[in-house]
Amino acid sequence: MDNLIRTFSDYYNRPDFRKFQNSLAREVYESLGTSYSNSDGEVKMVTDMCSTIDGKTFEKLKFYTKKIHGTRSFVEFHNQDKPTTKELADMVIISVATKDREIIYEKTAFIQNKKEDTDGVWKIDQDQLYLLHNFPTFKGKKGIFKRNFSDEVVFQNHSETLGNYGLFKNPGEMILVNALTVYKLQQGEKISLSDIRKFTHNSFQSNNSFQFQLIDHPFWDEMLYRYFKHFPNYALPFLNLPFLNNSIASLNIYEFIRNWSLFNIGEVVSAYGNIADKDLSTFNRILLREAGLSDFIITNIDGQEFENNLTIIVAHMNLDDKQ
């Protein structure tokens, strides 16, 4: 874990890493701009965006994307007292760091993508928002959860950033915002860009002038190990860093690429070998296998099946890479 923090600290302060982030964001903009000009729907827009991202690398960091075609995954839960069935999400973002083929840190975010209904306004399905905001106990009705979870599924969502919306806007923009913020800012069943701009900010923006000098002490790594053993689902102790943090919103593609490449998006699944969320960890390993990372990660899920209509995008920090 100490090595991961040092690597991100180095990347964050390097102009060539920022140049890589900016270049990738610009390519994504070009892809989305083309999709919007062709009047494509959100499925095609996401597919084109993922094709642009797939295979991009910066030293130890590599991006993978995969579109899985199959049965849509539906889950059953209670919205207040009413039994409800909904698709959980249509995209999953995973950030994972590995060493010696073992996962030492991972985060996950479920994304429901939505193209604007009118200029800068998106209509939100309230049942799905309830699911992505609250993550009530649910059962699989069809697809991946039905096939791989025999019992009810419980996702912790300690950070309140597990459920999110990808809001696409003309002429080729995407805003990523967590479900809690959508719930707070929506008016009726709609949320507008103006409301998001007025009330949304990142909790760690005060660290824009960050210059991080790590403690060079033999007990530093031991302290991190003991902390994550007992508190794997929380942020780094006493540190509000611009990486390995929790972003509630990325207001454009540049912010999205920067947050994702610094592991600021999503809920912590495990840290330092300690699992924070057992059900989410099982789900993650199925997705990582499907994304093609089985050569890097010991997944231990060979007997489980994947069947879903889902887009997976993965940022993988391989600390064994000598670059």
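This briefing covers helices H2, H3 and H10 and the residue Thr-181 in helix H6. The model is predicted. H2 and H3 pack against each other, H10 is largely enclosed by the rest of the structure, and Thr-181 is buried.

**Helix H2**

- H2 covers residues 15–37. Its 23 residues should span 33 Å at 1.5 Å a residue, and the end C-alpha atoms are 33 Å apart, which agrees.
- The buried residues of H2 are Phe-17, Phe-20, Gln-21, Leu-24, Ala-25, Val-28, Ser-31, Leu-32, Ser-35 and Tyr-36.
- An α-helix has 3.6 residues a turn, so residues three or four places apart point the same way.
- After H2 comes Ser-39, which has a positive phi near 60 degrees.

**Packing of H2 on H3**

- H3 is formed by residues 42–53. The axes of H2 and H3 lie 9 Å apart, at an angle of about 150 degrees.
- Angles over 145 degrees count as roughly antiparallel, and the two helices are therefore roughly antiparallel to each other.
- H2 and H3 cross in a right-handed sense.
- On the H2 side, the contact is made by Leu-24, Glu-27, Val-28, Ser-31, Leu-32, Ser-35 and Tyr-36. H3 contributes Lys-44, Met-45, Asp-48, Met-49, Thr-52 and Ile-53.
- Several of these H2 contact residues are buried, including Leu-24, Val-28, Ser-31, Leu-32, Ser-35 and Tyr-36.

**Helix H10**

- H10 runs over residues 278–290 and has 13 residues. From first C-alpha to last, H10 reaches 19 Å, close to the 18 Å expected at 1.5 Å a residue.
- Because 11 of its 13 residues are buried, H10 is largely enclosed by the rest of the structure.
- At the start of H10, a side-chain oxygen of Asp-277 comes within 3.3 Å of the backbone nitrogen of Asp-279.
- Just after H10, Gly-292 has a positive phi of about 95 degrees.

**Thr-181 in helix H6**

- Thr-181 sits in H6, which covers residues 179–185.
- With a relative accessible area of 10%, Thr-181 falls under the 20% limit and is therefore buried.
- The side chains of Thr-181 and Asn-178 make a polar contact at 2.5 Å.
- Leaving aside residues up to four places away in sequence, Thr-181 touches Thr-200 and Ile-248.

Definitions and conventions: Residues numbered from 1 in each chain as written. Predicted model: local features only at pLDDT ≥ 70, side-chain atom pairs only at ≥ 80, totals over all residues. Heavy atoms only, no water. Helix = DSSP H or I, 4+ residues; strand = E, 2+ residues; numbered from the N terminus. Buried < 20%, exposed > 50% of the residue type's maximum accessible area, 1.4 Å probe, protein only. Polar contact = N/O pair within 3.5 Å; in protein donor to acceptor, adjacent residues only side chain to side chain. Contact = heavy atoms within 4.5 Å. Expected span 1.5 Å × (residues − 1). Axes fitted to C-alpha atoms, helices over the stretch in contact; angles between N-to-C directions. Parallel < 35°, antiparallel > 145°, perpendicular 65-115°, else oblique. Left-handed = near helix turned anticlockwise from the far one by under 90°.
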